Amino acid sequence: MSRRAAIEEAVLPPLVALLLAAVVGDLLILSFGQSPGAVFQLLLEGTWGNAYGFGQVLYKATTLVFTGLAVGLGLRAGLFNIGAESQLAAGGFCAALIGILLPAGIPALLCLPIYVLAAALGGGIVGAVPGVLKARFGAHEVIVTIMLNFIVLALLNYLTSAKIHVPDTLHTPELKSGALPRLGDAFAPFHGSAANSTILLAIVTAVALGWYLFRTRRGFELRAVGLQPHAAEYAGVNVAGVTWRALAVSGAIAGLGGLNYVLGYKHYYEEGFATGAGFLGIAVALVGRSHPVGIVLAALLFATLSQGGLAVNALVPKQMVDVLQAVVILAVSTSVPEVRRLLRGARRSNDS
Amino acid sequence: MRKLLIFVGVLLAVHIALLLVHPSGAAEPPTGDAVDVGIVFDMGGRGDKSFNDGAYLGAERAEKELGARVRFIEPGEGSDREAGLRLLAAEGMDIVLGVGFIFTDDLTQLAKEYPNTDFAGVDFSVGQDKNGRIIQPPANLAALKFREEQGSFLVGALAALVGNSKKVGFVGGMNFPLIHKFEVGYIAGVKAVCPDCEVLSQYAGVTPEAFRNPGKGKELALSQYQQGVNVIFHASGSTGLGVFEAARQTGKLAIGVDADQFNEAPGYVLTSMVKGVDNAVYDAIKRVKEKRFKGGIYQYGLAEDGVGYVYDRNNEKLIPPAVRARLEALKREIIAGRIVVPSTK
């Protein structure tokens, strides 16, 4: 593939998808009797237009990068992890729990590995259950992860509203030590936004996952199982092992997302702290085509829509932005393969 | 390839054309010196027929009667609450309201950062320090609290007086202190008029889901009606819709909560324990307009008409005059302070 063709194939499909979504968005806004220009302007001003809004976008994108990577890793192994929602919550809860148990006054850098381990373990265990059930008994991971969402979220709800909580609230006591600094502490314009240094952890995770998937033997095996499990097995890959490990690691990555709120923002676990971020992770992974770079970009897009939704809430109802998100997902998942096919067809006819 | 580029060009042209469309009714940027009001709703959002809608009604009245300009934000996830409050405060609203106890921490934080903006929190939960002293909210933050136990006391007395049974029922949503206030007041009201009556009291769960589970509400209510209960008071959000359903099915009575819920099951709703969220919100906006807003704790009880029970044409047949007189007497006793209604277990 020539350089030009590669660029065309990378830029044109998402461009078409976004333009399609934008036109549908215009029509939606018009149906509410508002001016599309004004609404989109407000949406941009409230997100990328000022440091606070941008900080909020970064904050929301951080959680979505984790859940997107988690779902993306599963997809690469041919597994559909619908459980990121509860894995995220479990990771956040375990980190908060460790935070209550740790003595006060430990430097943040020393605590960080403990928190990372706790969050990864929390999410990882929730992810490993469907993994083992699939590898051992062939139980379908979609069913098991959906059901586990209910079980885990109900259990965490119970714990935070009845056992480990501050009276009259739905959150646990604050961490005693090891809270991460917010971006606002280092760069004054970000003041007040929830963006925090967990974003570095998200970038590191994305890079590490890219390296693991495309540069290691295990990653190759994982992708081979995802493409064609029977062929992979014939080639000597332990498919059952790859399956449960992939789901466990997927859960662990989703669990790390909980740190964004617990360690970086509020410093406690709160019931429903990231409602929907796990499910939105599925969209992020699909739109990002399960590639770390794509996932980071898709996470920024969905975070912008989510924060922008608050900014335009005065003009159009929140549900309009939810619909717009769904339109983006549909547009990307239908138009990207279609545009690719067209591009390749055009190239072939040029070559002949 | 060319077709594709033409397609992209057409999409772009349509998009730009649509961007320039400006419908006649579209919102104009605010001008003038009316009071600017920002409201962030609880997760449940509008349409809950309870306190979110109550706050909306109050704001709507302020729009009509005081010429206030109101902006609403409906948050999606945990971090949206602070983001919503902050967006409104940064836009220079005169007063920013958070609806629901869950806004307590965020409001306290924002009130400190924006000392020139007024804030108010519905159901704001006032904390206590280590010595049990009440921590006052910041000077620009009004905590709008309701004495639900007083209203519950009256409907408890009513349930015992017209129930024609030694057993009365209570169905709560989530088992936590805010709802205990309803339960405790209700039981006190029952015992005040019928010391040997028994209150069957059950909760739908321990999580916020317990406020959205009509199936569970119906199940609990049916079992209570079967045990000889004739009147059930629910404080359980939309779980209560199941209680009304059970009342309709068994031909017995239920008592609504927060707003007048007569329409949920006409003929089977004895009364409703109403909470005047709309009045509290309207008052807060009015005080801002008249430049006499002050922070602090505002308690809305029977004396302030912040809570009460419904008595109108819809349900007057269910409440005999003697019972009505007895309730009004109890109400006067509470307002005068001769009856002190407990609020905690």
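This is a predicted model: local features need pLDDT of at least 70, side-chain atom pairs count only at pLDDT 80 or more; totals for chains, interfaces and linings use all residues.
Two strands count as paired if DSSP finds at least two bridges between them.

**Domains of chain B**

Chain B falls into two domains: domain 1 covers 36-146 + 279-300, and domain 2 covers 148-274 + 311-336. Taken over C-alpha atoms, the centres of domain 1 of chain B and domain 2 of chain B are 29 Å apart.

**Strand β9 of chain B and its partners**

Strand β9 of chain B spans residues 253-258 and is mostly covered, with six of its six residues buried. β9(B) pairs with strand β8 (residues 231-235) of chain B, the two running parallel and joined by three bridges. Between β8(B) and β9(B) the chain passes through helix α8 (residues 240-250) of chain B, and this β-α-β crossover is right-handed. β9(B) also runs parallel to strand β10 (residues 269-275) of chain B, to which five bridges join it.

**A helix pair in chain A**

In chain A, the axes of helix α4 (residues 84-101) and helix α13 (residues 277-287) come within 6 Å and cross at roughly 130°. α4(A) and α13(A) are therefore oblique to each other, since angles over 145 degrees would count as roughly antiparallel and 65 to 115 as roughly perpendicular. The crossing of α4(A) past α13(A) is right-handed.

Note on methods:
Residues are numbered from 1 along each chain as its sequence is written. Chains are lettered from A and ligands numbered from 1 in the order in which they are written. Domain bounds come from an automatic or database domain assignment. A residue is buried if 20 or more other C-beta atoms lie within 10 Å of its own, exposed if 12 or fewer, and partly exposed in between; C-beta atoms are placed from the backbone. Helices (H or I, at least four residues) and strands (E, at least two) are DSSP runs, numbered from the N terminus. A crossover is right-handed if, with the strands pointing away from the viewer, the path from the first strand over the helix to the second runs clockwise. Axes are lines fitted to C-alpha atoms, for helices over the stretch in contact, and angles run from 0 to 180 degrees between N-to-C directions. Angles under 35 degrees count as roughly parallel, over 145 as roughly antiparallel, 65 to 115 as roughly perpendicular and the rest as oblique. A crossing is left-handed if the near helix is turned anticlockwise from the far one by less than a right angle, and right-handed if clockwise.
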